[in-house]
Amino acid sequence: MAVSPAVAKLMDEYKRFADIKMNDLFNKDHQRADKYTIEFENLTFDYSKNRFDDGVLQALLALAEEHHLKERIEDMFSGKKINVTENRAVLHTALRNFSGKSVCVDGNDVMPEIRRVLAKMKEFSESVRNGSFKGYTGKKLKNIVNIGIGGSDLGPYMVTAALKKYWAKDINCYFISNIDGTACAEVLGQINPEETLFIVASKTFTTIETLTNAKTCREWLVKALGDKAVANHFVALSTNAKAVAEFGIDTNNMFEFWDFVGGRYSLWSAIGLSIALAIGYDNFEALLKGAEAMDNHFRTAPFEKNIPVIMALLGIWYNDYYNIHRYAVIPYDQYLKFLPSYLQQLDMESNGKSVRLDNRKITDYATGPALFGGAGTDVQHSFFQLLHQGTEPVPVDFIIPAVSQNEIGKHHEILLANILAQAEALMKGKSIEEAAAELREKGKSEEEIEKLKLNKSFDGNRPSNMFIIDKLTPFALGMLIAMYEHKVYTQGVIWEIDSFDQWGVELGKQLALKILPELESGVSAKHDCSTEKLINKVRNIRAKEVKKAA
């Protein structure tokens, strides 16, 4: 297949640049860090520790132009139906639009309805927090239990954890997502039904995991307080008013969201109700405004100064030209410990695709790198060995606030020292000669030096980005999340895929619905021999346990 001019240029750039060391780039250009740092609001993005130079960057920018990225960005913000397989607009950005400007889908302005739901969220969250909306027995609702899965869980879970410092002192948040009964049991064992508000997050109110968990929680509540208590202790985030009412939830306490909001982009919508309840609506709005600031930056900044675009292009460079199909996100902040898990869904569900927008199978390039991560410094003692001395490099995004929410002794200075040192170590490495010299200084024999010097050397030349925010505030967190959203979309544009559908999650669900009655009824299964054997094995084990318990 013929390659485009931009791709041909990048292939040439890779041949020219593949063996160049970052150490040499820094030694030749002492202004490199200044040249390749972008500052926006209270965010500093230093991408100088990457394997590129101006020639590579210009070729990457040409690739963006070749894919009409500017027009594609406008398509998203203007409500064009860029989710082509579902024929839907993609307007999570409208949820944080405070400009006063209209955003239209099929000729209809969606902003009045968005503002209505936000106002309803504000009124309800404030009434719960101030105690005017009470439980069935008149007690204040202090336990917020969000029942959802995927984006209806990961987004609120990550954000509430990240903004724990902003929680009301008398409110606790819990999250139930896994269909594993342990998820329900562990939460229900910690809370008082009289003081608990359940939020059932399901657009269709048919999601099997969410509805199964919700019914279990409902039974628990009814057993303690009676049927009539459900209306005081359950609210719904849904569009299915009939099913919500049948469940026993007052439809006045149903908060809507729309088809143009995908699950993994939904924390900005009514799905964020648990966030507003935990941190207060004003702080929830600050989160939205931080995202809006990044939206405006992404939409208006020239590509050479555009943070999400630069992030995306560097990811393309490593994924498609260096054949590095993974990357790590390491926040050095305990409050951000769930950010990598959230970004896994955002990135891998969005861009884990193998069919192009023109309905052709992708055979000649890779999409959707695998993402992993965790909170520093914990992960330094987990997988950093692979980052430093593994056979393949792993690009890393490092994230840290300059000022901690909990400035205790020298803790944060040590944390800062670690993140800066790790990025430097990945880039610089340590030569065999340097390792030998260190061992010699420690008095090791030449025999010991020969044995250890290779193991104590580091290749270096391993890329990373550094993101420093002044402090982890709702506004700063909103910016960070939106930054990754736009990075993912940019890569989807260049890979020519639909970043907003998720058909890949359907097949397993369909087969599970087929297997479930087979497990329950003992009807002979019709599958491959491995699956049939496993179904029978599990069924037999469970039957023995039931008999034993009786």
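Contact, in these legends, means heavy atoms within 4.5 Å. The model shown is predicted: local features need pLDDT of at least 70, side-chain atom pairs count only at pLDDT 80 or more, and totals for chains, interfaces and linings use all residues. Residues are numbered from 1 along each chain as its sequence is written, and side-chain values use heavy atoms, with hydrogens and water left out.

View 1. Tyr157 belongs to helix α7; helices (H or I, at least four residues) and strands (E, at least two) are DSSP runs, numbered from the N terminus. At 33% relative accessibility, Tyr157 is partly exposed; buried means under 20% relative accessible area, exposed over 50%, and partly exposed in between (1.4 Å probe, protein chains only). Residues up to four places away in sequence aside, Tyr157 touches Phe175 and Phe338. The C-alpha atoms of Tyr157 and Leu336 are 11 Å apart, although 179 residues separate the two in sequence.

**View 2. The packing of α7 on α15.** Helix α7 (residues 151-162) and helix α15 (residues 339-351) have axes 9 Å apart and an angle of about 145°. Axes are lines fitted to C-alpha atoms, for helices over the stretch in contact, and angles run from 0 to 180 degrees between N-to-C directions. Gly151, Leu154, Gly155 and Met158 in α7 meet Leu339, Ser341, Tyr342 and Gln345 in α15.

**View 3. Helix α5 against α20.** The buried residues of α5 (residues 69-77) are Leu69, Arg72, Ile73, Asp75, Met76 and Phe77. They pack against α4 (54-66), α13 (281-300), α14 (307-321) and α20 (474-495). The axes of α5 and α20 come within 10 Å and cross at roughly 125°. This angle makes α5 oblique to α20; angles under 35 degrees count as roughly parallel, over 145 as roughly antiparallel, 65 to 115 as roughly perpendicular and the rest as oblique. On the α5 side, Leu69, Arg72, Ile73, Met76 and Phe77 meet His486, Tyr489, Thr490 and Val493 of α20. After α5 comes Gly79, with a positive phi near 90°.

**View 4. Thr93 in the loop between α5 and β3.** Thr93 lies in the loop that runs between α5 and β3 (104-105). Thr93 is buried, at a relative accessible area of 5%. Neighbours within four places in sequence aside, Thr93 is in contact with Met76, Phe77, Asp295 and His486.

**View 5. Trp220 in helix α9.** Trp220 sits in helix α9 (residues 208-225) and is partly exposed, with a relative accessible area of 21%. Not counting residues up to four places away in sequence, Trp220 touches Leu188, Ile191, Asn192, Pro193 and Phe198. Leu188 is 32 residues from Trp220 along the chain, and their C-alpha atoms are separated by 8.1 Å.

View 6. Most residues other than glycine have a negative phi, and most peptide bonds are trans. Phe205, in the loop between β7 (196-201) and α9, has a positive phi of about 60° and is buried, with a relative accessible area of 5%. Asn461, in the loop between α19 (446-452) and β13 (464-471), has a positive phi of about 60° and counts as buried at 6% relative accessibility. A cis peptide bond with omega of about 10° joins Gly376 and Thr377, and Thr377 lies in the loop between β11 (370-373) and α16 (384-389).
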